[in-house]
Amino acid sequence: MSLASLLRRLARPGLVTAALAAGALALSTTTAGAAPALTQISTDPYTNSTSQHATEVEPDTFSYGSTIVSAFQVGRFNDGGSSNVGFSTSTDGGTTWTKGFLPGITTQAGGTFQRVSDPAVAYDAKHNTWLISTIPITSSVTVPEVFTSRSTDGGLTWSNPVITATGSSLDKNWIVCDNTATSAFYGNCYTEYDNNGDGDRLKMTTSSDGGATWGTSKNTGNNATGLGGQPVVQPNGTVIVPASNASETSILSFRSTNGGSTWTSTTTIATVSTFTVRGSLRSGPLPSAEIDAAGKVYVVWQDCRFRASGGSCTSNDIVMATTTNGTTWSSVTRIPIDATTSTVDHFIPGLAVDPATSGTTAHLALAYYYHPVANCTAATCQLDVGYVSSTNGGSTWTTSTQLAGPMTHSWLASTTQGTMVGDYISTSFSGGTAHPVFAVASAPSGTVFNEAMYTPTSGLTAAAGTATVTTATARDNAFSAHLAAIAYLQWLANGGTGGGEDSP
């Protein structure tokens, strides 16, 4: 049977075409609270003609005590990577910020690489060392290494990078450290990445000396492929790594119980079905993972299983699954930001869990981007940033607050995969309040963009909301699996290549 025939048999009439058709405009049901004041924490200083200025995209954050460190791409290239990675550090719980740029990676800052991408932040409490993991990129857009930059003065100055892993086409690294003093693996740090040249083979490597040296990279027990694996560490030292599969049609998980000596085979958390974000905005269902004080893991991603209408998806929600052991996961629940009858499309989530809370009183904070009207075009889409929170482990949520926007897509850096604010954003708790960091853009000045990193001037509280989550039914899950199968076959038809962040 031909691929075209198989797709026709899988797709009910109108399933794919209806999802692409423009829908009737309707009012958003988002109940936006008063927008908080924002503080710009960095700006692109570079002027090289090979990338786009002034642009900053794709932030990650991590907090420990009163210190918050954010890292992000600066000066985005159209076909992958950026002129450098910037950082902005607060040592007083988000009140003031110190900005700078990593040394020794790109030619913009004393290094030899033309570009760098995929910043991710961690802290190693045992060695009192902050870490930023990055992917350096050559002028021919090849990715031969994973780097780690280190700071021993609270994230204010950074070393030249050390080599974490080598290969030929590496992608989407994440990093975490074991910060529980009673753990047998206290002080271990773990970097995840994938080998895009090997079908996005998932890889893990471990350091036990504050990120100065790294061990041999290891596969999962079943040599799984995927991308965007975001490791978290339980208090007992177990490392749990939620990730997307290579075609981004399911969310996987694997773990290590022996300090990274070996890694298990992957299990499937859930299939993924997504509504294609309109206006050619770059966006995909990569997971955002966090952990509470007791070791419960929360994973969120964008998904349209709750928005089936006439046999097709109409927009994305942010959905969540949880686990206490990394092998048995809860059913998928829908975070109730808007009614399923609304026109709002939600995507690119950045989840935080207050590390001082757990269980039924865990505080959760979620920042995300959204289009008030899902079926828009590049000319008509209005891009906003939203925020919701929970104080009961995600059982109920607050009404949404608009943090930024509206933004026009033409104000954003362009890439070969669409205009860009980031494949991910991030939120971290410090001192009991949440601090999301995200890209905000305004109208360019001629050919110069105005897209930079922002955070709320004051931390955002997590509140006791009343909007109740919805759990996926068998029908929802069957619909999701159906769309995932179609997406997988379409991925195969496109060559089955990895869909990594910097795939040319």
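Okay, so a disulfide here is a pair of cysteine sulfur atoms within 2.5 Å. Take Cys304 and Cys313: their sulfur atoms sit 1.9 Å apart, so they form a disulfide under that cut-off. One thing to keep in mind as we go: this is a predicted model.

How many disulfides do we get by this rule? The count is three. And if you number the bonded cysteines of the protein in sequence order, the pairing reads 1-2, 3-4, 5-6.

Let's walk along the chain. Cys177 and Cys189 are a bonded pair, with 2.1 Å between their sulfur atoms. The torsion about their S-S bond is about 100°, so this disulfide is right-handed. As for accessibility, Cys177 and Cys189 are both buried.

Back to the pair I opened with. For Cys304 and Cys313 the S-S torsion is about 60°, so that disulfide is right-handed. Buried or exposed? Cys304 has 0% relative accessibility, so it counts as buried. Cys313 comes in at 5%, so Cys313 counts as buried too.

That leaves Cys376 and Cys381. Their sulfur atoms are 1.9 Å apart, and they form a disulfide. There's 90° about the S-S bond, and the link is right-handed. Cys376 has a relative accessible area of 10%, so we call it buried, and Cys381, at 0% relative accessibility, counts as buried.

So, to wrap up: three disulfides by this rule, paired 1-2, 3-4, 5-6 in sequence order.

Key. Residues numbered from 1 in each chain as written. Predicted model: local features only at pLDDT ≥ 70, side-chain atom pairs only at ≥ 80, totals over all residues. Heavy atoms only, no water. Buried < 20%, exposed > 50% of the residue type's maximum accessible area, 1.4 Å probe, protein only.
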